[in-house]
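Please walk me through this fold.

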Amino acid sequence: MSSPGITKWEYLTAPVLIHSTQAILNNFGRDGWELVAVTAGATGEQLVAWFKRPVQS
């Protein structure tokens, strides 16, 4: 049961390659994903981007 006016979200994490950061972020943006945060990966050497977008009903 969902309440009217409540936005439901889906989330995605993806590795970000330093040499193509802008292209990667723009591709996700075109698909409706909003960048929420960028954090260090498990090894600390790779970046991980966290995205969200509203669930399509």
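Glutamine 46 is partly exposed, with a relative accessible area of 37%. The bands are these: buried is under 20% relative accessible area, exposed is over 50%, and partly exposed lies in between (1.4 Å probe, protein chains only). This is a predicted model: local features need pLDDT of at least 70, side-chain atom pairs count only at pLDDT 80 or more, and totals for chains, interfaces and linings use all residues. Residues are numbered from 1 along each chain as its sequence is written, and side-chain values use heavy atoms, with hydrogens and water left out.

Glutamine 46 sits in the loop between β2 and β3. Helices (H or I, at least four residues) and strands (E, at least two) are DSSP runs, numbered from the N terminus. Leaving aside residues up to four places away in sequence, glutamine 46 touches Pro15, Val16, Leu17, Thr39, Ala40 and Gly41. A contact here means heavy atoms within 4.5 Å. Glycine 5 is 41 residues from glutamine 46 in sequence and 37 Å from it in space, C-alpha to C-alpha.

Now take the hairpin around that loop. β2 and β3 form it, with six residues between them. In the turn, glycine 44 has a positive phi of about 85 degrees. Six bridges join β2 to β3, and the two run antiparallel. Threonine 39 stands opposite valine 48 in β3.

Next comes the sheet. It is open, has three strands in the order β1-β3-β2, and pairs antiparallel. Strands pair if DSSP finds at least two bridges between them. β1 and β2 (34-40) are the edge strands, each pairing on one side only. From one strand to the next, the twist averages 25 degrees. Eight bridges join β1 to β3, again antiparallel. Tryptophan 9 has proline 54 in β3 as its bridge partner.

What lies across these strands? Helix α1 (residues 21-30) lies across β1, β2 and β3, running at about 160 degrees to β1. Axes are lines fitted to C-alpha atoms, for helices over the stretch in contact, and angles run from 0 to 180 degrees between N-to-C directions.

Finish with the core. The largest nonpolar core has five residues: Ala14, Val16, Trp33, Ala49 and Phe51. β1 (9-16) and β3 (47-54) are the elements that give two or more residues to this core. Such a core is a set of buried Ala, Val, Leu, Ile, Met, Phe, Trp, Tyr and Cys residues joined through side-chain atoms within 4.5 Å. Tryptophan 33 touches Glu10, Tyr11, Leu12, Phe28, Phe51, Lys52 and Arg53, not counting residues up to four places away in sequence.
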